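Please walk me through the packing inside this protein.

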Amino acid sequence: MGAEAQSYPNRAVRVPWVAAATGGPDLVARVIAAQLLAQLGQPFVVENQAGANGIVGATTVAKAVPDGYTLLVYSSGFVINPYVHKSLPYDTEKDFVR
């Protein structure tokens, strides 16, 4: 007897958003989350975690269980931060899955 794989997602997905809860980027994140809910049937919960050029939100994702239910939406700061900060609370190369 075989086992059938569960479809993804089968529960809510966290999306730590590295921008403040105001303005265009936040609105875009919430519109995308609503579309993902409509298409996939599970909520994508946008959590505003602004601060330190995205390091706050990135740290949340780096420390999350690597099960695909915590997603990081980030831009240039992710690439720049390792070069402008002597140390980060995560390893940009090892703590994230592409």
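Which ring does the charged end of Arg-11 sit over? That ring belongs to Tyr-69, with the charged end 3.9 Å from its centre. A charge sits over a ring if NZ of Lys or CZ of Arg is within 6 Å of the ring centre and within 35 degrees of the ring normal.

The model is predicted: local features need pLDDT of at least 70, side-chain atom pairs need 80 or more, and totals for chains, interfaces and linings use all residues. Numbering runs from 1 along each chain as its sequence is written, and side-chain values use heavy atoms, without hydrogens or water.

The largest nonpolar core has ten residues, including Val-18, Leu-88 and Tyr-90. Such a core is a set of buried Ala, Val, Leu, Ile, Met, Phe, Trp, Tyr and Cys residues joined through side-chain atoms within 4.5 Å. Buried means under 20% relative accessible area with a 1.4 Å probe, protein chains only. Helix α2 (residues 55–62) gives the largest share of this core, four residues. Helices are DSSP runs of H or I, at least four residues, numbered from the N terminus. A second, separate core of nine residues includes Val-15 and Tyr-69.

Next, the rings. The structure holds four aromatic pairs, with ring centres within 6.5 Å; planes over 60 degrees apart count as edge-to-face. Phe-78 and Phe-96 pair edge-to-face, 5.0 Å centre to centre and 85° between the planes. Phe-78 lies in helix α3 (residues 76–84), and Phe-96 in the segment after α3, 18 residues apart. Phe-96 counts as buried because its relative accessibility is 16%. Ring pairs link Tyr-74, Phe-78, Tyr-90 and Phe-96 into a cluster.

Note on methods: Buried means under 20% relative accessible area, exposed over 50%, partly exposed in between (1.4 Å probe, protein chains only). Helices (H or I, at least four residues) and strands (E, at least two) are DSSP runs, numbered from the N terminus. Rings of Phe, Tyr and Trp (its six-membered ring) pair if their centres lie within 6.5 Å; planes under 30 degrees apart count as stacked, over 60 as edge-to-face and the rest as tilted.
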